[in-house]
Amino acid sequence: MARLVLSPRLIRTFMACAFLAAAVLFAQSQDALREITRPLVLGILRLGGLAVLDHGETMRIAHLDVPWTRDCAGINLLIIMLALAVWVNRDEEKVRTFWTRIALTFPAALAANVLRVLSLIAYRWIAFPVVESPQMHYFLGFFWMVPFIAWITPKRQRPGSHAWMETLHAAATVSLLTPVTGMPNGSMAAIAAIFALAQCRIRQDFWVRRLVLTFLWAIAGGLVASMNMESFWLPWLLCCPLLIDFRWVLSPAGFMVLLCTQSMFALQSWAPYLGWPAIGWAVWSWMGKSAENTDQPSGSDAAVRRRFRPVFFVACSPMFFAPFLASSLLSWKHERWQPPATLESRLLENQGYEVLLPEQPNNIALLCYGPEGSDRHHTLKICLKYRGTELTATTEDAAVFTDGTHWMRECFVQDGALLLDYPEYLKSTFAPKSSPGVHLIFIAPKEAFSPQDFSLLAAKLARQFHEHCITRSSSP
């Protein structure tokens, strides 16, 4: 059995993680950065000569109405950057230097978030009336995070290219965790991804073999993008041959941890019975293992490394942007979805439609969103988060969510089939080249229905909408 070794650096890292966990709990009920970030953003916009009105939950910027959410305040970005700062400084020997870099994360996160919010406003201004997708949020958060994390990354005695690649890889991985946490068993998948990331650092053993495998890894990324297999992006990133420990990934525990990061596996009802024990086993084995020195090449690998490493790293860096940009680049000529002509509909600002069915009650609304590219739709909770609305699940019906004043439920129409929940939708879109389909969102005031009655009515209306879609597809 592995012997548990708690070194001073490991204890310090656990202390930092405990501090991070406390910050996460504090963030659930507080918005401490709101009074700092918001005035900065408003002040910069006014200095730029723009007419800005602060309406509390929204900002009116000339012709734009921009929602202000908890994410805009920057608490989520701060938590992500704190986690990254702890990670990239985990081997720092000097205690004072370690905590100084953690402290520097706060102003770095503030600056990165202000730049991210300004970038999103600029995107809306340029693309009006189009509203950015969740992928654009992830990409801009990732884009502005990288230079600030690189600033607080220790250089030590290692080449700067090593620190840069590890930081870029870690930032890309963590940025992909937001949609993962919103799916069934998302916490298991996120913890598995974070632990798998702990095994990733630049490796210089088997260098020639890693060169070949990296070429194949890039081809695999192209296949993931071309086949719209979005659920493979996270495990693909974590399997980068330049950073992965071959022995770990080929071990039973390592393989199971990576499998837990694949959303189709993680959403299965039986997955936690395999995933959690595997994660626990992997963590115990890792804590009892002595640190490896992977910075020294062996034998003939040294000459190859010196000759090709700088150029190779520069060539591979853009691959970490692929999960954020691939779908947009591959679907720039995507044809926009429209509801059946047999139904009354109204175009919404954010590329959706409000649809009225023949027997639809006045106190329930149906919003329909076609795909914004080739990517599948995210969960209702994730989609509305980036439209300024935070949702919580109801205890009475797992399919019904609330924002405090309304009931909401999602359904999907995909490849001619009606899918009544997100797990069904994920399974249906798992096959390569699957159509993303149409996202249906039903909304009603809380006082109008009980959660159970609302859920039944929404399912009934979804079937009616599906019948109209079938009629349209079968008509000459």
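A charge is said to sit over an aromatic ring if NZ of Lys or CZ of Arg is within 6 Å of the ring centre and within 35 degrees of the ring normal. In this predicted model, the charged end of Arg 210 sits over the ring of Phe 246, 3.9 Å from its centre.

Twelve aromatic pairs are counted in the model. In one of them, Phe 206 and Phe 246 are tilted, with 35° between the planes and 6.3 Å from centre to centre. Phe 206 belongs to the loop between helix H9 (186–198) and helix H10 (207–226), whereas Phe 246 belongs to helix H12 (residues 246–249), so this pair ties together parts that are 40 residues apart in sequence. Another pair, Phe 412 and Tyr 425, is stacked, because the ring centres are 4.1 Å apart and the planes lie at 10°. Here Phe 412 is in strand E9 (residues 406–414) and Tyr 425 in helix H19 (residues 422–428).

| Residue | Relative accessibility | Class |
|---|---|---|
| Phe 206 | 39% | partly exposed |
| Phe 246 | 16% | buried |
| Phe 412 | 0% | buried |
| Tyr 425 | 0% | buried |

An aromatic cluster is formed by Trp 217, Trp 233, Trp 236 and Phe 320.

Key. Residues are numbered from 1 along each chain as its sequence is written. This is a predicted model: local features need pLDDT of at least 70, side-chain atom pairs count only at pLDDT 80 or more; totals for chains, interfaces and linings use all residues. Side-chain values use heavy atoms; hydrogens and water are left out. Rings of Phe, Tyr and Trp (its six-membered ring) pair if their centres lie within 6.5 Å; planes under 30 degrees apart count as stacked, over 60 as edge-to-face and the rest as tilted. Helices (H or I, at least four residues) and strands (E, at least two) are DSSP runs, numbered from the N terminus. Buried means under 20% relative accessible area, exposed over 50%, partly exposed in between (1.4 Å probe, protein chains only).
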